[in-house]
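Thanks for asking me to look through this one with you. Below are some numbered notes to read alongside the model.

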Amino acid sequence: MKAFAITRAAAEGSNIPFIHAIELPMPQAQGHDILVEIKAISVNPVDTKVRSGFASETPRVLGWDAVGVVKAIGDAVTLFTPGDEVWYAGALGRPGSNSEFQLVDERIVALKPKTLDNASAAALPLTAITAWELLFDRLGVQRDGNAGDTLLIVGAAGGVGSILTQLASKLTRMTVIGTASRPQSQKWVRDAGAHHVIDHNQPLSEELARIGIKEVTHVASLNNTEGHYLQLIAALAPQGKLALIDDPQSLDVVPLKLKSISLHWEFMFTRSMFETRDIVAQHQLLTEVATLIDNQTIKTTLGEHYGTINAENLQKAHAQLETGRAVGKIVLEGF
């Protein structure tokens with residue numbers, strides 16, 4: 001089967017991996033695995049992070065978000081049958097979705113939304129899982145609850161922010177404030193359902209004061225946590241909650257003490273990486289997200305379609321993500 005992999009870069013004096021086409025044997029489904037024929041994928045910051053730190057001589061296939069058709073199932077599979085159209089975000093330690101076929105554990109897979117085409121569906125799984133787990137599992141927000149609370153989403157125009165804004169504004173009673181710095185991204189956040197949009201390039205205290213908000217009860221910091229950290233603590237109410245998904249080099253928790261602020265990390269690969277007892281929760285939440293899509297409660301966060309799945313288009317997608325200016329998700333479709 002055809003796949004697109006990273007290796008050590010061939011350019012003289014460079015150790016940045018590049019993406020190229022390779023041929024791999026067809027994988028065989030066993031146990032809880034299903035074999036999926038890939039139809040569409042999206043590219044996430046995790047792709048660029050893994051690529052930038054890759055130094056092995058053995059090629060590695062990246063890609064986590066995927067939509068495809070089940071072609072074969074392992075002997076322990078109970079959730080799917082061949083022919084099912086599915087979506088998922090995969091597992092960090094396994095070969096990825098930048099290939100014609102992929103093995104994935106059924107317990108982190110769900111049937112794709114019926115009302116979305118493959119490209120529109122491929123934009124959602126990883127970010128939907130991240131946003132759902134951050135909001136409901138880490139921050140402990142309740143469905144149709146938390147009236148009177150205020151959620152500040154830093155980086156609301158990105159992939160996770162786009163779906164988190166929708167989930168929080170549609171499924172809870174919180175006031176949702178999203179940050180975005182450009183007119184295009186600010187409109188994107190408003191369209192996703194944010195009650196207020198502020199500029200994270202300006203002092204957050206001033207921006208919150210401008211919209212009449214004295215303090216917030218919950219913060220979802222999706223990028224540049226180090227740069228905003230002290231401002232976020234200042235903005236949080238006593239006994240507030242701070243959740244993050246990015247990778248600060250260090251984080252001093254001592255300033256959280258006076259306000260009894262709790263700190264929460266969200267990493268959507270934890271369940272698959274450790275095969276936690278509740279690993280099937282990702283199947284369940286993706287099923288719920290598909291229902292929310294099909295009943296038009298939330299919508300796809302597809303930003304740009306980069307064409308077919310090939311090395312050139314994948315590299316373009318990586319480059320765009322690394323600018324930090326992508327709005328919504330970048331998808332690729334077909335081989």
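1. Lys187 and Asp191 sit four residues apart, about one turn, within helix H5 (residues 183-191); helices here are DSSP runs of H or I with at least four residues, strands are E runs of at least two, and both are numbered from the N terminus. The two side chains form a salt bridge, with 2.8 Å between the closest N and O atoms. That term means a side-chain nitrogen of Lys or Arg within 4 Å of a carboxyl oxygen of Asp or Glu. Asp191 is partly exposed at 43% relative accessibility, where buried is under 20% relative accessible area, exposed is over 50% and partly exposed lies in between (1.4 Å probe, protein chains only).

2. A word on the basis: this is a predicted model, in which local features need pLDDT of at least 70 and side-chain atom pairs count only at pLDDT 80 or more, while totals for chains, interfaces and linings use all residues. Residues are numbered from 1 along each chain as its sequence is written, and side-chain values use heavy atoms, leaving out hydrogens and water.

3. How confident is the predictor? The protein chain averages a pLDDT (confidence in each residue, from 0 to 100) of 94, and 97% of the residues score at least 70. Over residues 10-15, however, the pLDDT is below 50, and this stretch has four contacts beyond near neighbours in sequence, a contact being heavy atoms within 4.5 Å. Where pLDDT is low, the predicted coordinates should not be read in detail.

4. How many salt bridges are there in total? The count is 17. One of them joins Lys49 and Asp247 at 2.7 Å, N to O. This pair links distant parts of the chain, 198 residues apart: Lys49 is in helix H1 (residues 45-52), and Asp247 is in the loop between strand E13 (236-244) and strand E14 (262-265). Lys49 is partly exposed at 44%, whereas Asp247 is exposed at 54%.

5. Arg143 and Glu288 also meet in a salt bridge (3.3 Å, N to O). Arg143 lies in the loop between helix H3 (125-138) and strand E9 (150-154) and Glu288 in helix H9 (residues 281-294), so the pair ties together parts 145 residues apart in sequence.

6. Helix H9 deserves a look of its own. Its buried residues include Ala281, Leu285, Val289 and Ile293. The buried residues of H9 pack against elements including strand E6 (85-88), H3 and helix H4 (159-171). After H9 comes Gln296, with a positive phi near 65°.

7. Next, the sheet. Six strands form an open sheet with parallel pairing, in the order E11-E10-E9-E12-E13-E14; two strands pair if DSSP finds at least two bridges between them. Strand E11 (196-198) and E14 are at the edges with a single partner strand each, so one side of each has no neighbour in the sheet. From one strand to the next, the twist averages 20°. E13 and E14 are joined by four bridges, and Lys241 has Ser262 in E14 as its bridge partner.

8. Elsewhere, is strand E7 (residues 101-105) buried or exposed? Five of its five residues are buried, so E7 is largely enclosed by the rest of the structure. Phe101, Leu103 and Asp105 point one way, while Gln102 and Val104 point the other. Strand E3 (residues 33-43) runs antiparallel to E7, joined by five bridges, and Asp33 stands opposite Asp105.

Conventions:
pLDDT is the predictor's confidence in each residue, from 0 to 100. Axes are lines fitted to C-alpha atoms, for helices over the stretch in contact, and angles run from 0 to 180 degrees between N-to-C directions.
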